Amino acid sequence: MKILVLPGDGIGPEITAATLVVLERADALFKLGFEWQREEIGLPSLKKEGTTLPARVLDAARSVAGVILGPLSTYDYPARDQGGLNPSAEFRTKLDLYANIRPAKSRLGVGLTGKPVDLVIYRENTEGFYADRNLYQGVGEFMPTEDMALSIRRVTAKCCERIARRAFEAAVGRRAKVTAVHKANVFRISDGLWLREVRKVAKDFPSVQLEEVIVDAMAALLLRDPMRFDVIVAENMYGDILSDEASELSGGLGLGGSINAGDTRCLAQAQHGSAPDIAGQNRANPTSLILSAAMLLEWLGARNRNSALGAAAKRIEAAVDETLKDPATRTADLGGKLGTREFAKAVAAKLS
């Protein structure tokens, strides 16, 4: 089973290497048969090849079982016509990875507010206000004059329906509740279409409760009562912002796993950024990418009906929790003393 490994920028190479330490131990224990294909993207490939995403890498992503993508310094990339493609956006649109799945779960017992958190956000990944991916050709952001900037949001029934369906399917195996986030009091047409499609899907899942919450109220309610929520489904920008809030509430972005999934392909990606200020110092917390890789294994196991992959995913998550429970085996950002490499070795040791 070939996995494409793309370390990315900043701390990406370090946390990717740490993740592979854990995956290689899982491979040995569960006989998963992994084979790594490593490629450079981001600033390293821009320097060598004039593009942040060589065409061969996108082609490779289409042919492998899954992808592990490290953090990206997209803010530092040049314009698209100068080679500055956003690899994350390109993968999501070109491979139709329409579901960004981001669990938020308290891993240290309680969240930031002292309350437990256990929810998952299903974020639509291919349209919305994201101007680098919402049009067939060109971008949805432009300037008619030097003093006027316009941005277009695309919302389609197809994309609304399929992300809603994935969310309801997930809720069946959880606490049977879906919260649909919207701003239909302002975006009456576009968010009205969103709600229309979510409600249609809800009829196919009579055992799952549907509630609808306006996005600004949602941001407040997450702080007040996070355990009120089970599965949250949202369009691209709402889901992006709320998932960061939920992850911070549960313990921090460094502890949140994330995958970008379609019907036939899946990519693991840490929730956080590239943190160039600590790159190369063995200080980065690799938990997010390790958990993201575990989610990739779970997705592959379900799709291929491979129980070993599913078992490995559960064992990795449990090993991460066991490691985090002990203050002595946490990374510095969580008050511990372990570096990136040492933390990965500690997690790998607990897999046995």
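How many residues lie between strand 6 and strand 7 in their hairpin? There are 2 residues between them. This is a predicted model.

**Strand 5 and its partners**

- Strand 5 is mostly covered, with 6 of its 7 residues buried.
- Strand 5 pairs with strand 4 (residues 99-105) in the antiparallel sense, over 7 bridges. Here I101 stands opposite Y122 of strand 5.
- Strand 5 also runs parallel to strand 10, joined by 4 bridges. In this pairing I121 stands opposite I232 of strand 10.
- Strand 10 (residues 231-234) is also joined to strand 8 (residues 177-182), by 3 bridges. These two strands run parallel.
- I232 in strand 10 has T179 opposite it as well.

**The hairpin and its surface patch**

- Strand 6 (residues 141-145) and strand 7 run antiparallel and are joined by 3 bridges.
- F142 stands opposite L150 in strand 7.
- Strand 7 covers residues 148-151, and L150 is found there.
- Is L150 buried or partly exposed? Its relative accessibility is 36%, so L150 counts as partly exposed.
- F142, M148, L150 and I152 form a nonpolar patch on the surface. Together they have about 320 Å² of accessible area.

**Salt bridges**

- D240 forms a salt bridge with R102, the closest N and O atoms being 3.5 Å apart. The pair links distant parts of the chain: D240 sits in helix 8 and R102 in strand 4, 138 residues apart. Both D240 and R102 are buried.
- E127 forms a salt bridge with R154, and the closest N and O atoms are 3.0 Å apart. E127 lies in the loop between strand 5 and strand 6, and R154 in the loop between strand 7 and helix 5 (157-172), so the pair ties together parts that are 27 residues apart in sequence.
- E127 counts as buried because its relative accessibility is 3%. R154, at 28%, counts as partly exposed.
- D230 forms a salt bridge with R174, with 2.7 Å between the closest N and O atoms. D230 lies in the loop between helix 7 (215-224) and strand 10, and R174 in the loop between helix 5 and strand 8, so the pair ties together parts that are 56 residues apart in sequence.
- D230 counts as buried, at 1% relative accessibility. R174 counts as partly exposed, at 32%.
- Salt bridges that share partners join R102, R123, D240 and D244 into one network.

**Two buried residues**

- E235 is found in the loop between strand 10 and helix 8 (236-250). E235 has a relative accessible area of 6%, so it is buried.
- Leaving aside neighbours within four places in sequence, E235 is in contact with R123, E124, G128, F129, R153 and W194.
- E235 and C160 are 75 residues apart in sequence. In space they are 7.7 Å apart, C-alpha to C-alpha.
- T19 lies in helix 1 (residues 12-30). T19 counts as buried, because its relative accessibility is 1%.
- Which residues does T19 touch, not counting residues up to four places away in sequence? T19 touches P286, L289, I290 and A293.

Note on methods:
Residues are numbered from 1 along each chain as its sequence is written. This is a predicted model: local features need pLDDT of at least 70, side-chain atom pairs count only at pLDDT 80 or more; totals for chains, interfaces and linings use all residues. Side-chain values use heavy atoms; hydrogens and water are left out. Buried means under 20% relative accessible area, exposed over 50%, partly exposed in between (1.4 Å probe, protein chains only). Contact means heavy atoms within 4.5 Å. Two strands pair if DSSP finds at least two bridges between them. Patches are made of residues with over 30% relative accessible area and no salt bridge: like charges are joined within 9 Å, nonpolar side chains (Val, Leu, Ile, Met, Phe, Trp, Tyr) within 5 Å. Accessible areas come from the Shrake-Rupley method with a 1.4 Å probe; for residues, only the protein chains shown count as cover. A salt bridge is a side-chain nitrogen of Lys or Arg within 4 Å of a carboxyl oxygen of Asp or Glu.
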